[in-house]
Amino acid sequence: MRLVGLAVAVLLCACGQQPAAEQTSGAGAALERAARANGMVSDPARVVPTGVYGSGEDKVCMVPQGEGRYRIGVSVDLGEQQRCAGRGIARGREKLDVRMGGGCEFVASLDGDTIAFPAVLPAACDTMCEGRATLAALSAARLSDSLSEATRVEGSDGKPLCGG
């Protein structure tokens, strides 16, 4: 019983401390800095979204269009006229302000090498889709950080997503 009481006390004391990733001193912070310096952990301040992301037949490409601004293309292909294709502009880094046109605007997140769209999107985003396909909750991992590959990705409509 005393052991349980001690464990609860330790846990309660730990609740008020900063998370390890936010600490600026100590062994945890030193380990985090070393991992970032050696490329083992991505530094969020240096993550550049340029490239190709994918998951199954879902694709996302991003091409730079100036400081902090990117051309973005998104394609979902579920087959049998169940697909989406959209193109627009994204701004930001970890949080991407995506504007696909026609009122389809949302904030996507970029966590290291994964881009994720919100589970609920404006109804205007449905105009880019056929059948029951949707852009909602799309999550794709980085396949390449190559600019030339990103400009060559084709959407489910057969047209370049980020080219030109």
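What follows is a short chat about a predicted model.

Visitor: Which strand is Arg 142 found in, and which residue stands opposite Arg 142 there?
Guide: Arg 142 sits in strand 8, which covers residues 139-144. Strand 8 pairs with strand 1 (residues 51-55) in the antiparallel sense, over 3 bridges. So Arg 142 is in strand 8, and the residue opposite Arg 142 is Tyr 53.

Visitor: Is Arg 142 buried or exposed?
Guide: The cut-off for buried is under 20% relative accessible area. Arg 142 comes in at 19%, so the label is buried.

Visitor: What does the side chain of Arg 142 make a polar contact with?
Guide: Look across to the residue standing opposite Arg 142 in strand 8. At 3.2 Å, the side chain of Arg 142 makes a polar contact with the side chain of Tyr 53.

Visitor: Which residue is the bridge partner of Thr 114 in strand 8?
Guide: Strand 7 also pairs with strand 8, again antiparallel and over 3 bridges. Thr 114 has its bridge partner in strand 8, and that partner is Ala 141.

Visitor: How many aromatic pairs does a search of the whole structure find, and what is the angle between the planes?
Guide: The search of the whole structure turns up 1 aromatic pair. That pair is Phe 106 with Phe 117, tilted, with 4.9 Å centre to centre and planes at 55°.

Visitor: Are Phe 106 and Phe 117 buried or exposed?
Guide: Phe 106 is in strand 6, while Phe 117 is in the loop between strand 7 and strand 8, 11 residues apart. Phe 106 has a relative accessible area of 6%, and Phe 117 has 6% too. Buried means under 20%, so Phe 106 is buried and Phe 117 is buried.

Note on methods: Residues numbered from 1 in each chain as written. Predicted model: local features only at pLDDT ≥ 70, side-chain atom pairs only at ≥ 80, totals over all residues. Heavy atoms only, no water. Helix = DSSP H or I, 4+ residues; strand = E, 2+ residues; numbered from the N terminus. Buried < 20%, exposed > 50% of the residue type's maximum accessible area, 1.4 Å probe, protein only. Polar contact = N/O pair within 3.5 Å; in protein donor to acceptor, adjacent residues only side chain to side chain. Phe/Tyr/Trp six-rings, centres within 6.5 Å; stacked < 30°, edge-to-face > 60°. Pairing = 2+ DSSP bridges.
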